[in-house]
Amino acid sequence: MFISDVHLGSKAAKAEFLIDFLRYHDADIIYLVGDIVDGWRLRRSWHWPQSHNDVVQKLLRKARKGANITYIAGNHDEFARQFQGVHFGGIVVADRAIHETADGKRLLVIHGDQFDTVVHNARWLAYLGDHAYDAAMLVNRVVTRLRQLLGLPYWSFSSWAKHNVKKAVNFIGSFQTMLADEARRSHVDGVICGHIHHAVIENFGDVQYINTGDWVESCTAVVEHFDGRMEILTWAQVLPEVPDEPFIPLLIEDRVGQAA
(Lines give C-alpha, C1' and ligand atoms only; values in the text may rest on other atoms or scores of the structure.)
Protein backbone atom coordinates (compact mmCIF):
# COMPACT_ATOMS: atom_id res chain seq x y z
CA MET A 1 0.00 0.00 0.00
CA PHE A 2 1.35 3.44 -0.98
CA ILE A 3 0.12 6.64 0.72
CA SER A 4 1.49 10.16 0.34
CA ASP A 5 0.76 13.83 0.93
CA VAL A 6 -1.46 13.52 3.99
CA HIS A 7 -0.21 16.89 5.33
CA LEU A 8 -0.98 16.20 8.98
CA GLY A 9 -0.75 19.51 10.80
CA SER A 10 -2.69 21.40 8.14
CA LYS A 11 -6.40 22.19 8.28
CA ALA A 12 -6.81 20.80 4.78
CA ALA A 13 -5.77 17.24 5.74
CA LYS A 14 -8.64 14.75 5.33
CA ALA A 15 -7.52 12.72 8.34
CA GLU A 16 -10.97 11.24 9.00
CA PHE A 17 -11.12 9.82 5.47
CA LEU A 18 -7.65 8.28 5.82
CA ILE A 19 -8.49 6.74 9.20
CA ASP A 20 -11.57 5.16 7.63
CA PHE A 21 -9.53 3.93 4.66
CA LEU A 22 -7.01 2.31 7.01
CA ARG A 23 -9.85 0.62 8.90
CA TYR A 24 -10.94 -1.17 5.75
CA HIS A 25 -7.54 -1.80 4.11
CA ASP A 26 -4.44 -3.59 5.32
CA ALA A 27 -1.13 -4.63 3.78
CA ASP A 28 2.05 -6.48 4.69
CA ILE A 29 4.15 -3.65 3.19
CA ILE A 30 3.22 0.02 3.50
CA TYR A 31 5.11 2.97 2.02
CA LEU A 32 4.43 6.49 3.30
CA VAL A 33 5.62 8.42 0.26
CA GLY A 34 6.40 11.83 1.74
CA ASP A 35 4.61 14.90 3.11
CA ILE A 36 2.82 12.81 5.71
CA VAL A 37 3.44 15.58 8.25
CA ASP A 38 3.31 19.22 7.09
CA GLY A 39 6.26 20.82 8.87
CA TRP A 40 5.92 24.02 6.82
CA ARG A 41 2.46 24.77 8.21
CA LEU A 42 3.26 23.60 11.73
CA ARG A 43 6.08 26.14 11.84
CA ARG A 44 3.62 28.91 10.93
CA SER A 45 0.87 27.87 13.35
CA TRP A 46 0.23 24.76 15.41
CA HIS A 47 -2.72 22.66 14.31
CA TRP A 48 -2.88 19.07 15.51
CA PRO A 49 -6.41 17.80 16.28
CA GLN A 50 -7.11 14.35 17.69
CA SER A 51 -7.87 12.94 14.23
CA HIS A 52 -4.28 13.67 13.14
CA ASN A 53 -2.98 11.87 16.20
CA ASP A 54 -5.32 8.97 15.38
CA VAL A 55 -3.70 8.58 11.93
CA VAL A 56 -0.27 8.26 13.55
CA GLN A 57 -1.58 5.77 16.11
CA LYS A 58 -3.31 3.74 13.39
CA LEU A 59 -0.06 3.41 11.43
CA LEU A 60 1.99 2.57 14.53
CA ARG A 61 -0.57 -0.11 15.40
CA LYS A 62 -0.17 -1.66 11.95
CA ALA A 63 3.61 -1.68 12.44
CA ARG A 64 3.21 -3.41 15.82
CA LYS A 65 1.03 -6.04 14.16
CA GLY A 66 3.84 -6.86 11.72
CA ALA A 67 3.42 -4.53 8.74
CA ASN A 68 6.71 -3.46 7.15
CA ILE A 69 6.37 0.36 6.97
CA THR A 70 8.84 2.69 5.23
CA TYR A 71 8.57 6.46 5.63
CA ILE A 72 9.94 8.25 2.54
CA ALA A 73 10.62 11.88 3.47
CA GLY A 74 9.21 14.71 1.32
CA ASN A 75 9.76 18.46 1.16
CA HIS A 76 7.10 19.35 3.76
CA ASP A 77 8.56 16.78 6.18
CA GLU A 78 12.17 17.19 5.07
CA PHE A 79 13.22 17.24 8.73
CA ALA A 80 12.86 13.43 8.58
CA ARG A 81 15.70 13.15 6.03
CA GLN A 82 18.26 13.53 8.79
CA PHE A 83 16.96 10.28 10.31
CA GLN A 84 17.47 7.97 7.31
CA GLY A 85 17.81 4.37 8.45
CA VAL A 86 16.39 5.13 11.90
CA HIS A 87 13.39 3.16 13.18
CA PHE A 88 10.52 4.89 15.01
CA GLY A 89 8.02 2.47 16.50
CA GLY A 90 8.73 -0.07 13.76
CA ILE A 91 8.67 2.52 10.93
CA VAL A 92 11.98 3.04 9.10
CA VAL A 93 12.84 6.42 7.51
CA ALA A 94 14.40 6.63 4.03
CA ASP A 95 14.95 9.12 1.21
CA ARG A 96 14.06 6.56 -1.46
CA ALA A 97 13.48 2.82 -1.72
CA ILE A 98 13.22 0.05 -4.31
CA HIS A 99 10.04 -2.04 -4.12
CA GLU A 100 9.81 -5.40 -5.88
CA THR A 101 6.27 -6.32 -6.92
CA ALA A 102 4.71 -9.77 -6.77
CA ASP A 103 5.29 -10.19 -10.53
CA GLY A 104 8.99 -9.31 -10.28
CA LYS A 105 9.03 -5.63 -11.32
CA ARG A 106 11.36 -3.22 -9.54
CA LEU A 107 9.88 0.20 -8.73
CA LEU A 108 11.66 3.27 -7.40
CA VAL A 109 9.70 4.80 -4.50
CA ILE A 110 10.46 8.49 -4.02
CA HIS A 111 8.47 11.56 -3.00
CA GLY A 112 9.47 13.52 -6.11
CA ASP A 113 10.18 17.02 -4.76
CA GLN A 114 13.81 16.50 -5.82
CA PHE A 115 12.61 17.03 -9.40
CA ASP A 116 10.56 20.15 -8.72
CA THR A 117 12.75 23.04 -9.89
CA VAL A 118 10.70 25.62 -7.98
CA VAL A 119 11.23 23.82 -4.66
CA HIS A 120 14.99 23.58 -5.21
CA ASN A 121 15.88 26.71 -7.15
CA ALA A 122 13.39 29.30 -5.89
CA ARG A 123 12.59 28.41 -2.30
CA TRP A 124 10.81 31.72 -1.66
CA LEU A 125 8.52 31.07 -4.63
CA ALA A 126 7.70 27.62 -3.25
CA TYR A 127 6.66 29.19 0.08
CA LEU A 128 4.60 31.82 -1.78
CA GLY A 129 2.92 29.03 -3.74
CA ASP A 130 2.23 27.26 -0.47
CA HIS A 131 0.30 30.30 0.79
CA ALA A 132 -1.66 30.39 -2.48
CA TYR A 133 -2.42 26.71 -2.00
CA ASP A 134 -3.77 27.50 1.48
CA ALA A 135 -6.17 29.98 -0.13
CA ALA A 136 -7.32 27.33 -2.61
CA MET A 137 -7.89 24.92 0.27
CA LEU A 138 -10.04 27.53 2.02
CA VAL A 139 -12.21 27.76 -1.09
CA ASN A 140 -12.25 23.96 -1.12
CA ARG A 141 -13.60 23.80 2.45
CA VAL A 142 -16.37 26.31 1.66
CA VAL A 143 -17.38 24.38 -1.48
CA THR A 144 -17.28 21.08 0.42
CA ARG A 145 -19.50 22.46 3.20
CA LEU A 146 -22.06 23.81 0.70
CA ARG A 147 -22.14 20.46 -1.13
CA GLN A 148 -22.67 18.64 2.18
CA LEU A 149 -25.62 20.90 2.98
CA LEU A 150 -27.09 20.15 -0.45
CA GLY A 151 -26.53 16.42 -0.02
CA LEU A 152 -23.96 16.24 -2.81
CA PRO A 153 -20.82 14.03 -2.75
CA TYR A 154 -17.31 15.37 -2.09
CA TRP A 155 -15.73 17.32 -4.97
CA SER A 156 -12.39 19.14 -4.99
CA PHE A 157 -12.31 22.63 -6.49
CA SER A 158 -8.51 22.82 -6.26
CA SER A 159 -8.11 19.45 -7.98
CA TRP A 160 -10.48 20.56 -10.76
CA ALA A 161 -8.49 23.78 -11.24
CA LYS A 162 -5.18 21.91 -11.32
CA HIS A 163 -6.40 19.57 -14.04
CA ASN A 164 -7.85 22.35 -16.20
CA VAL A 165 -5.41 25.28 -15.92
CA LYS A 166 -2.96 24.98 -18.82
CA LYS A 167 0.20 25.89 -16.87
CA ALA A 168 -0.64 23.37 -14.15
CA VAL A 169 -1.24 20.66 -16.76
CA ASN A 170 2.11 21.46 -18.41
CA PHE A 171 3.90 21.30 -15.04
CA ILE A 172 2.38 17.89 -14.29
CA GLY A 173 3.47 16.58 -17.69
CA SER A 174 7.04 17.83 -17.19
CA PHE A 175 7.19 16.35 -13.68
CA GLN A 176 6.02 12.95 -14.92
CA THR A 177 8.64 12.93 -17.69
CA MET A 178 11.47 13.75 -15.26
CA LEU A 179 10.42 10.99 -12.85
CA ALA A 180 10.21 8.48 -15.68
CA ASP A 181 13.74 9.48 -16.76
CA GLU A 182 14.97 9.00 -13.18
CA ALA A 183 13.51 5.49 -13.19
CA ARG A 184 15.50 4.70 -16.33
CA ARG A 185 18.69 6.08 -14.77
CA SER A 186 18.03 3.89 -11.72
CA HIS A 187 17.60 0.82 -13.97
CA VAL A 188 14.17 -0.03 -12.62
CA ASP A 189 10.84 -0.80 -14.29
CA GLY A 190 8.91 2.14 -12.89
CA VAL A 191 8.50 4.84 -10.26
CA ILE A 192 6.00 5.49 -7.50
CA CYS A 193 5.87 9.07 -6.22
CA GLY A 194 3.67 11.78 -4.73
CA HIS A 195 4.29 15.53 -4.36
CA ILE A 196 2.02 16.96 -7.08
CA HIS A 197 -1.30 15.62 -5.68
CA HIS A 198 -2.29 14.05 -8.99
CA ALA A 199 -3.05 10.32 -8.81
CA VAL A 200 -2.38 8.43 -12.02
CA ILE A 201 -0.92 5.22 -13.42
CA GLU A 202 0.64 5.69 -16.87
CA ASN A 203 3.29 4.16 -19.07
CA PHE A 204 6.07 6.33 -20.48
CA GLY A 205 7.56 4.00 -23.04
CA ASP A 206 9.19 1.16 -21.13
CA VAL A 207 8.67 2.81 -17.72
CA GLN A 208 5.57 2.78 -15.54
CA TYR A 209 4.79 6.06 -13.74
CA ILE A 210 2.57 5.86 -10.66
CA ASN A 211 1.51 8.81 -8.51
CA THR A 212 -0.29 8.10 -5.25
CA GLY A 213 -2.26 11.35 -5.19
CA ASP A 214 -2.98 12.85 -1.77
CA TRP A 215 -5.24 13.08 1.29
CA VAL A 216 -5.93 16.79 0.93
CA GLU A 217 -7.81 17.00 -2.36
CA SER A 218 -8.42 13.64 -4.01
CA CYS A 219 -8.13 11.20 -1.06
CA THR A 220 -6.35 8.44 -2.99
CA ALA A 221 -3.88 5.66 -2.35
CA VAL A 222 -2.18 3.08 -4.56
CA VAL A 223 -2.40 -0.60 -3.70
CA GLU A 224 -0.64 -3.64 -5.13
CA HIS A 225 -2.75 -6.75 -5.60
CA PHE A 226 -1.41 -10.24 -4.97
CA ASP A 227 -0.64 -10.67 -8.70
CA GLY A 228 1.43 -7.46 -8.83
CA ARG A 229 -1.28 -5.36 -10.47
CA MET A 230 -1.33 -1.74 -9.23
CA GLU A 231 -4.57 0.16 -8.63
CA ILE A 232 -5.60 3.63 -7.45
CA LEU A 233 -8.26 3.61 -4.73
CA THR A 234 -10.32 6.70 -3.92
CA TRP A 235 -11.79 7.03 -0.42
CA ALA A 236 -13.47 10.47 -0.19
CA GLN A 237 -15.97 9.28 2.40
CA VAL A 238 -16.36 7.92 5.91
CA LEU A 239 -18.46 4.77 5.98
CA PRO A 240 -20.89 4.42 8.88
CA GLU A 241 -19.97 1.67 11.28
CA VAL A 242 -22.27 -1.35 10.97
CA PRO A 243 -23.31 -2.59 14.44
CA ASP A 244 -22.72 -6.24 15.16
CA GLU A 245 -25.87 -8.34 15.00
CA PRO A 246 -26.93 -9.52 18.46
CA PHE A 247 -26.45 -13.20 19.11
CA ILE A 248 -29.89 -14.64 20.00
CA PRO A 249 -29.74 -18.41 20.63
CA LEU A 250 -33.53 -18.81 20.45
CA LEU A 251 -33.61 -17.55 16.87
CA ILE A 252 -30.77 -19.89 15.90
CA GLU A 253 -32.53 -22.85 17.53
CA ASP A 254 -35.71 -21.88 15.71
CA ARG A 255 -33.91 -21.96 12.36
CA VAL A 256 -32.30 -25.30 13.15
CA GLY A 257 -35.68 -26.74 14.05
CA GLN A 258 -37.26 -25.52 10.80
CA ALA A 259 -34.35 -26.85 8.74
CA ALA A 260 -34.70 -30.27 10.37
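Trainee: How many salt bridges does a search of the whole structure find?

Mentor: The search finds 10 salt bridges. The model is a predicted one.

Trainee: What makes the contact between Arg41 and Asp38 a salt bridge?

Mentor: The criterion is a side-chain nitrogen of Lys or Arg within 4 Å of a carboxyl oxygen of Asp or Glu. The side chains of Arg41 and Asp38 meet at 2.4 Å, N to O, and therefore the pair qualifies.

Trainee: Why are Arg41 and Asp38 called buried?

Mentor: Buried means under 20% relative accessible area. Arg41 has 9%, so it is buried. Asp38 is at 0% and therefore counts as buried too.

Trainee: Why are Glu231 and Arg229 described as partly exposed?

Mentor: Partly exposed lies between the limits of under 20% for buried and over 50% for exposed. Glu231 has a relative accessible area of 28%, so it is partly exposed. Arg229, at 45%, therefore falls in that class as well.

Trainee: What makes Asp113 and Arg81 a link between distant parts of the chain?

Mentor: Asp113 forms a salt bridge with Arg81, with the closest N and O atoms 2.8 Å apart. The two residues are 32 residues apart: Asp113 is in the loop between β7 (106–110) and α4 (117–121), whereas Arg81 is in the loop between β3 and β4. Asp113 has a relative accessible area of 1%, so it is buried. Arg81, Asp95 and Asp113 are linked in a network of salt bridges.

Trainee: How do you know that Asp77 has no salt bridge?

Mentor: The nearest side chain of opposite charge, that of Arg81, is 6.3 Å away.

Trainee: Where is Asp77 placed, and which polar atoms does its side chain reach?

Mentor: Asp77 is in the loop between β3 (68–72) and β4 (87–88). Its side chain reaches the backbone nitrogen of Ile36 at 3.0 Å, and a polar atom of that side chain lies 2.5 Å from the backbone nitrogen of Gly74. Polar contacts are pairs of N or O atoms within 3.5 Å, one able to donate a hydrogen and the other to accept it. Not counting residues up to four places away in sequence, Asp77 touches Gly34, Asp35, Ile36, Val37 and Tyr71.

Trainee: Why is helix α1 called largely enclosed?

Mentor: Of the 10 residues of α1 (residues 15–24), 7 are buried, so the helix is largely enclosed by the rest of the structure. The buried residues are Ala15, Phe17, Leu18, Ile19, Asp20, Phe21 and Leu22. They pack against β1 (2–3), α3 (50–64), β11 (220–224) and β12 (230–234).

Trainee: What describes the protein as a whole?

Mentor: There are 8 helices and 12 strands. Of the 260 residues, 47% count as buried. The accessible surface comes to about 13800 Å², of which 58% belongs to carbon and sulfur atoms.

Definitions and conventions
Residues are numbered from 1 along each chain as its sequence is written. This is a predicted model: local features need pLDDT of at least 70, side-chain atom pairs count only at pLDDT 80 or more; totals for chains, interfaces and linings use all residues. Side-chain values use heavy atoms; hydrogens and water are left out. Helices (H or I, at least four residues) and strands (E, at least two) are DSSP runs, numbered from the N terminus. Buried means under 20% relative accessible area, exposed over 50%, partly exposed in between (1.4 Å probe, protein chains only). Lys and Arg count as positive and Asp and Glu as negative; His and the chain ends are not counted. Contact means heavy atoms within 4.5 Å. Accessible areas come from the Shrake-Rupley method with a 1.4 Å probe; for residues, only the protein chains shown count as cover.
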